[in-house]
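Here is a short report on one protein model.

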Amino acid sequence: MRAATRETWETAAGGWGKRADRVRDWGMPVSVAMVEALDLQPGQRVLELAAGPGDTGFLAAELVRPGGTLISSDGAEPMIEVARRRAAEAGVDNAEFRHLELEWIDLETASVDAVLVRWGIMLTVDPAAAAHEIRRVLRPRGHAAIAVWDARERNPWATIPGLALIELGHAEPPDPDAPGPFALAGEGALAELLQDAGFTDVEVSAVPILRHHASVQDMVEESADVSPGFSAAYRALTDEQRAEVVAHMARGAAPFTDDDGSVTLPGVSLVARAGA
């Protein structure tokens, strides 16, 4: 399962690189909430895990100047290259880039002041192991900011594409016990995970987001670029089957569609602040 997950995200890196500005923009409320929760100071060492295009960590990198360092890391090498390129474009020169796994972080114990994980820990095979590793690498009085997705019903941006595939017979319903976007969406699940790993003063808040699309077709194309599960199934379909999926998604998105055909899909992310 770990190998399959790594291969999935290595394949998805191209789409995430293509859509990186879009992901940064609609994810910015969550990134800002996470970075603000850490109360970063100049000279600190910040680790971002499952960084993807890296933009959350880049916000932190600015705040730890002068003398501070961002370690931008991911389990998929192509994602690291996307982040490295975006850092160069943004002028972020106090970042280093590492291939690191969430469940076994190849860093010394108590070696970083803060950890960021945006939408990564719920995708791991063993979130508890990841939480313990994050706690291990944090220095005393350090903090982690970890984001996961709230319940499915609060995130139609994610459920509309998947439901179209399932109801048209192109995909199976997700296993509720498997890693996935909503694996830690249960009431109190994220806080319990972090407390069991030894974190203290755990606070979880809900952060709303909005995903704007010029049209339903734009929504479909972005889903195909950044959602590995949707992409694999959708790209394997015939043109006729894809048209059926688009029509089904249009019906699901109707409550969020304006007169000009643009679509604004709401979502909610949970952001936890936890002390070491």
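## Basis and terms

Buried means under 20% relative accessible area, exposed over 50%, and partly exposed in between, with a 1.4 Å probe and protein chains only. The model is predicted: local features need pLDDT of at least 70, side-chain atom pairs count only at pLDDT 80 or more, and totals for chains, interfaces and linings use all residues. Residues are numbered from 1 along each chain as its sequence is written, and side-chain values use heavy atoms, leaving out hydrogens and water.

Helices (H or I, at least four residues) and strands (E, at least two) are DSSP runs, numbered from the N terminus. Contact means heavy atoms within 4.5 Å.

## Val-35 and Thr-56

Val-35 lies in helix H2, residues 20-38. Its relative accessible area is 5%, so Val-35 is buried. Beyond residues up to four places away in sequence, Val-35 touches Leu-40, Thr-56, Leu-59, Ala-60, Leu-63 and Leu-116. Val-35 and Ala-60 are 25 residues apart in sequence, yet their C-alpha atoms are 6.1 Å apart in space.

Thr-56 belongs to helix H3, residues 55-63. Thr-56 is buried because its relative accessible area is 1%. Leaving aside neighbours within four places in sequence, its contacts are Ser-31, Met-34, Val-35, Glu-48, Leu-116 and Arg-118.

## Aromatic pairs

Rings of Phe, Tyr and Trp (its six-membered ring) pair if their centres lie within 6.5 Å; planes under 30 degrees apart count as stacked, over 60 as edge-to-face, and the rest as tilted. The structure holds 7 such pairs. One of them is Trp-26 with Trp-119, stacked at 5.5 Å centre to centre and 25° between the planes. This pair links distant parts of the chain, 93 residues apart: Trp-26 is in helix H2, and Trp-119 is in the loop between strand E4 (112-118) and helix H5 (127-137). Both Trp-26 and Trp-119 are buried. Together with Trp-149 and Trp-157, Trp-26 and Trp-119 form one aromatic cluster.

A charge sits over a ring if NZ of Lys or CZ of Arg is within 6 Å of the ring centre and within 35 degrees of the ring normal. The charged end of Arg-211 sits over the ring of Trp-26, 4.0 Å from its centre.

## Helix H9

Why do Phe-230 and Tyr-234 count as a stacked pair? Their ring centres are 5.2 Å apart and their planes lie at 15°, so the pair is stacked. Phe-230 and Tyr-234 are 4 residues apart in helix H9 (residues 228-235), so about one helical turn separates them. An α-helix has 3.6 residues a turn, so residues three or four places apart point the same way.

Phe-230 counts as buried because its relative accessibility is 4%. Tyr-234, at 8%, is also buried. The charged end of Arg-242 sits over the ring of Tyr-234, 5.2 Å from its centre. In H9, Pro-228, Ser-231 and Ala-233 are among the buried residues. The cover over the buried residues of H9 includes helix H1 (2-18), helix H6 (156-167), helix H8 (216-226) and helix H10 (239-253).

## Second largest pocket

On a 1 Å grid over the protein atoms alone, a pocket is an open set of points where a 1.4 Å probe fits, with protein on both sides within 12 Å along at least five of seven lines; lining residues have an atom within 4 Å of a point. Grid points are joined across faces, edges and corners, and a volume is the space filled by probe spheres set on the points. The second largest pocket has a volume of about 180 Å³. Of its 13 lining residues, the closest to the centre are Asp-150, Gly-186, Glu-187, Gly-188 and Leu-270. Helix H7 (189-196) and strand E6 (200-213) are the elements that give two or more residues to the lining.
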